[in-house]
Amino acid sequence: MLEYKFDTQLLIDGKNLDEDAINDYFTENLKGDCLLAVGDEDLIKIHFHTNEPWEVLKYCASLGEIYDIVVENMERQEAGLKG
């Protein structure tokens with residue numbers, strides 16, 4: 001069993017995005033691991049493993065428009081099922 005079962009990925013389209021501030025918010029407020037938040041002030045790619053993907057979506061939506069959203073259940077994938 002995985003500690004964090006949902007692989008959550010998305011793009012944030014916004015203005016004056018700060019990947020360091022986003023990293024800090026995730027680290028201080030969201031439970032998970034394998035954080036990747038990279039990009040520039042207009043577009044950030046997020047990758048994060050968590051048990052609460054809705055919290056990731058809620059926060060990221062507060063920063064700008066979110067799209068290319070993928071939430072996959074890695075436990076199902078590990079069992080050979082569709083995630």
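Q: How many bridges join strand S1 to S3, and do they run parallel or antiparallel?
A: In this predicted model, 8 bridges join S1 (residues 6–13) to S3, and the two strands run antiparallel.

Q: Which residue in S3 is the bridge partner of Phe6?
A: Thr50 is the partner of Phe6.

Q: And how many bridges join S2 to S3?
A: There are 5, and S2 (residues 33–39) is antiparallel to S3. Asp33 of that pairing stands opposite His49. Gly39 stands opposite Ile44.

Q: OK, the whole sheet. What is the strand order?
A: S2-S3-S1-S4, in an open sheet of 4 strands with antiparallel pairing.

Q: Which strands stand at the edges?
A: S2 and S4 (65–73). Each has a single partner strand, so one side of each has no neighbour in the sheet.

Q: What does the twist average from one strand to the next?
A: The average is 10°.

Q: Back to S3. Why is it largely enclosed by the rest of the structure?
A: Because 6 of its 8 residues (43–50) are buried, meaning under 20% relative accessible area.

Q: Helices now. Which strands does H1 lie across?
A: H1 lies across S2 and S3, at about 160° to S2.

Q: And H2?
A: H2 lies across S1, S3 and S4. Its angle to S1 is about 10°.

Q: At what angle do H1 and H2 pack?
A: H1 (residues 19–29) and H2 (residues 53–61) pack at about 145°, with axes 12 Å apart. The crossing is right-handed.

Q: Which residues make that contact?
A: From H1, Ala21, Ile22, Tyr25 and Phe26. From H2, Val56, Tyr59 and Cys60.

Q: How many residues has the largest nonpolar core?
A: The core has 13. Those with the most contacts inside it are Ile12, Ile22, Phe26, Ile44, Ile46, Val56 and Cys60.

Q: Which elements give two or more residues to this core?
A: S1, H1, S3 and H2.

Q: Take Val56. What is it in contact with, leaving aside neighbours within four places in sequence?
A: Val56 is in contact with Thr8, Leu10, Phe26, Leu30, Ile46, Phe48 and Thr50. Phe26 is also on the H1 side of the helix contact. Thr50 is the bridge partner of Phe6.

Notes: Residues numbered from 1 in each chain as written. Predicted model: local features only at pLDDT ≥ 70, side-chain atom pairs only at ≥ 80, totals over all residues. Heavy atoms only, no water. Axes fitted to C-alpha atoms, helices over the stretch in contact; angles between N-to-C directions. Left-handed = near helix turned anticlockwise from the far one by under 90°. Contact = heavy atoms within 4.5 Å. Buried < 20%, exposed > 50% of the residue type's maximum accessible area, 1.4 Å probe, protein only. Pairing = 2+ DSSP bridges. Core = buried A, V, L, I, M, F, W, Y, C linked by side-chain atoms within 4.5 Å.
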